[in-house]
Protein chains: 2
Amino acid sequence: MGTTQLASVPEPKYQHLKTVIGEALDSDFAVGEILPNERELAARFGVARATLRQALEQLELEGRLQRRRGVGTTVAPPRVGVDVSTGRHAWPGVADEAWQPQGSAADAAPAAVARVLEIGTDEQVHVVRRLRISQGQPVAAELLYVPAGSVPGLSAIDAPAGPARARAVLRELQHLALDGQDRSVELGSARAEDAKELDRLPGAPVLVVTTRYLSAGRPAAVSVATYRADTCRLTFGDSVDLVMAS
Amino acid sequence: MGTTQLASVPEPKYQHLKTVIGEALDSDFAVGEILPNERELAARFGVARATLRQALEQLELEGRLQRRRGVGTTVAPPRVGVDVSTGRHAWPGVADEAWQPQGSAADAAPAAVARVLEIGTDEQVHVVRRLRISQGQPVAAELLYVPAGSVPGLSAIDAPAGPARARAVLRELQHLALDGQDRSVELGSARAEDAKELDRLPGAPVLVVTTRYLSAGRPAAVSVATYRADTCRLTFGDSVDLVMAS
DNA sequence: TAGTGGTCTAGACCACCGG
DNA sequence: CGGTGGTCTAGACCACTAC
């Protein structure tokens, strides 16, 4: 039969779709514009909706699309550059316009946190919850863990578990000398609680920034900040205007 | 009718699965151990394979699982801490044990790169390709773009487009004074070319680290490094042993 | 060749948003 | 309420790996 092999390496359909749609986004659509719905698009490309969705998922992962249930799929604006360089964080500030204290409570340290803080799992930690707002949109949810033993003044705090209490804990932190800090970034998926505040579905991809604050040679606090991976670009230098298409 | 609302917020099945399997990984499996295959697992949990896969996908995204076609699904080791702090990078080194030069070629600058380098789209750039190895595994693929105008000596390089040429370009770079650099991290998906070198499928999630090197107040080079998001944790401090379960 | 994960289909129903 | 994206099913076939 001698069938000539036309496509020697048949690229998956969803990957080809991704390329085609991606190019269409560049040329035929404006930021914020609504795409045809998924059933319509799938029919137009002659594929099943699941296949079409696989392509859209990746484009959303890359920050090129934004999908909202009950609304539709829109063309996403370029990712927001969010400064996470040290110095700005220094100590977590009390009066930081970008970070909005949500509340605080005392609890036993989760195992993973206890390990990083080099304390026992049963030791008490103050947990401060903050939300980072950038350009009117929530971009990150943070949990700051401060061991009760880190700062003496902490035990005297008696504000109810709200923003006021959170601010009080942050204020106490300033009394400590900050030797240094180290930081790591990794990919994660949003816990239900964080997803809600970030206006995403649970499991949405997030960049987890873990910062350990050192005082007197020992970890004095740990911050776990989860940034929306779809809309954020973490920047570490002085140029927030650095833009790259992935 | 007064129907009592039993499950007010019915959690999606795949999310519950993820929790159940995740807990099983902690208690019943050792690192490297092979899980039952997907059809078996789906049957065991009484769900369709697609649903089971949705749970496995997220666990893989979080670095808890590793799936390889034709082989199976294994329990992943904790993520590797990869140091990307400034200073170690300084200039991209010629003799850096972690970074392995692959090759180099001259070409017109891609649009996105030209924008960051503040040059014209038609200007020539030297593209150096490197691979970062950590603990025997490739963890990152890098493209380093150096405008032909940045370093005079570049035009004299006549080595064939291989590792030797790459080293020559890197060597020339050392002649420039390095004023500073800025960096950003964002989520992306692996291009086919990078995926191959990272031993992943195209579209796999990666952390894209873009570094701009400044010399004489102008961008002298740009590096775009794509790190495997499933196996890597990018670290910026001096403590590589910082481990957090997401 | 047997068994694995990867892709794809053609449906169905659900949760959510807006008018 | 109608329309959107999100979840789920029960299949099928393909690409790859290891034996």
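Modeller: Before we start, two strands count as paired if DSSP finds at least two bridges between them. This is a predicted model, where local features need pLDDT of at least 70, side-chain atom pairs need pLDDT 80 or more, and totals for chains, interfaces and linings use all residues. Residues are numbered from 1 along each chain as its sequence is written.

Colleague: OK, which residue is the bridge partner of A:L234 in β7(B)?

Modeller: Strands here are DSSP runs of E, at least two residues, numbered from the N terminus. β10(A) and β7 of chain B, residues 180–189, run antiparallel and are joined by 2 bridges. In β7(B), the partner of A:L234 is B:V185.

Colleague: How much area is buried between chain A and chain B?

Modeller: Buried area is the accessible area (1.4 Å probe) that two parts lose on being put together, summed over both. Contact, meaning heavy atoms within 4.5 Å, takes in 41 residues from chain A and 41 residues from chain B. Carbon and sulfur atoms give 59% of the buried area, which comes to about 3,600 Å².

Colleague: And which residue meets B:R79 in a salt bridge?

Modeller: A salt bridge puts a side-chain nitrogen of Lys or Arg within 4 Å of a carboxyl oxygen of Asp or Glu. Between chain A and chain B the count is 2. For B:R79, at 2.7 Å from N to O, the partner is A:E186.

Colleague: Which element gives the largest share of the side of chain A that touches chain B?

Modeller: Elements giving two or more residues to that side include α1 (13–28), α3 (49–61) and β7 (180–189) of chain A. The largest share, 8 residues, comes from β7(A).

Terms used
Chains lettered and ligands numbered in written order. Heavy atoms only, no water. Helix = DSSP H or I, 4+ residues; strand = E, 2+ residues; numbered from the N terminus.
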